[in-house]
Amino acid sequence: MKIAVFASGNGSNFQALVDYFRENKLPDTFEWLFCDQPNAFVLERAEKLHVPFHFFSPKEFSSKREYEEKILEILVEKEIELIVLAGYMRIIGPTLLNAYESRIINIHPSLLPDFPGLHGIRDAFAAEVKETGITIHYIDKGIDTGPIIHQETIEITKEDTLDSLEAKIHQIEHQTYPKIIEAVIKEMQKVEEEKND
Ligand code: GRF
């Protein structure tokens, strides 16, 4: 399966995904990295990993629709079948949602529906909850509301600082996201095969 990753920042999850699929010699390939920020570190990672990439921002277009139409044009040209969001800090609009229904997956650093939005880790830490975690889910038109695929729980101990909690969350993300994407792909292929039988 041909996969695209969308990211806006550091790209540690993008790196974990590509490393895992390559180390395990999985047949699925990361064909494209799209980034909406010109200076994001994820672009350096893509270059080193030899994953083709583009970056452009909605500011360069007269509407979000036109921005997403440009992205869609590249997705179609590259025959991308699955979009994996890894720290992509924008809401996916109807242009991409309609074209990739149930084929856009996101990772969020909290146990949704708790602490949606931009600061899932910080908000859980500030709320002094005893546990938080990560959620992998399909994208729908809401913010962090799509159907949940998988969650992992992490305890917040008295010794935890925001930094240590962030480190724990990222470690679990890197361990979990690639395996869940692998499982989702297998499931998609099974459904496809059953349809063709
Ligand atoms: C991750 O914590 C992810 O859950 C959230 O954005 C962060 C991206 O980190 N959606 P990175 O860019 O993959 O290092």
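Mentor: The account below begins with the ligand and then turns to the pockets and a nearby loop.

The model is predicted, so local features need pLDDT of at least 70 and side-chain atom pairs count only at pLDDT 80 or more, while totals for chains, interfaces and linings use all residues. Residues are numbered from 1 along each chain as its sequence is written, and side-chain values use heavy atoms, with hydrogens and water left out.

Around the ligand stand Asn10, Gly11, Ser12, Asn13, Gly87, Ile107, His108, Pro109, His170 and Glu173, each having a heavy atom within 4 Å of the ligand. A backbone N or O atom of Asn13 is 2.8 Å from a ligand oxygen atom, and a backbone N or O atom of Ile107 is 3.0 Å from a ligand nitrogen atom. From Glu173, a polar side-chain atom lies 2.3 Å from an oxygen atom of the ligand. Taken alone, the ligand exposes 370 Å², of which the protein buries 85%; these accessible areas come from the Shrake-Rupley method with a 1.4 Å probe.

The largest pocket holds about 840 Å³ of space. Its lining has 32 residues, and those closest to its centre are Gly87, Tyr88, Met89, Ile107 and Pro109. A pocket is an open set of points on a 1 Å grid over the protein atoms alone, where a 1.4 Å probe fits, with protein on both sides within 12 Å along at least five of seven lines; lining residues have an atom within 4 Å of a point. The volume is the space filled by probe spheres set on the points, which are joined across faces, edges and corners.

Helix 1 (12-23), strand 5, helix 5 and helix 6 (162-196) each contribute at least two residues to this lining of the largest pocket; helices (H or I, at least four residues) and strands (E, at least two) are DSSP runs, numbered from the N terminus. By residue class, the lining of the largest pocket comprises 12 nonpolar, 14 polar and 6 charged residues. Ala, Val, Leu, Ile, Met, Phe, Trp, Tyr, Cys and Pro count as nonpolar, Asp, Glu, Lys and Arg as charged, and the others, Gly among them, as polar.

The loop between strand 5 (104-108) and helix 5 (120-126) contains Pro113, and the peptide bond from Leu112 to Pro113 is cis, with omega near 10 degrees. Phe115 is found in the loop between strand 5 and helix 5, and its phi is near 55 degrees, a positive value in a residue other than glycine.

Terms used. Polar contact = N/O pair within 3.5 Å; in protein donor to acceptor, adjacent residues only side chain to side chain.
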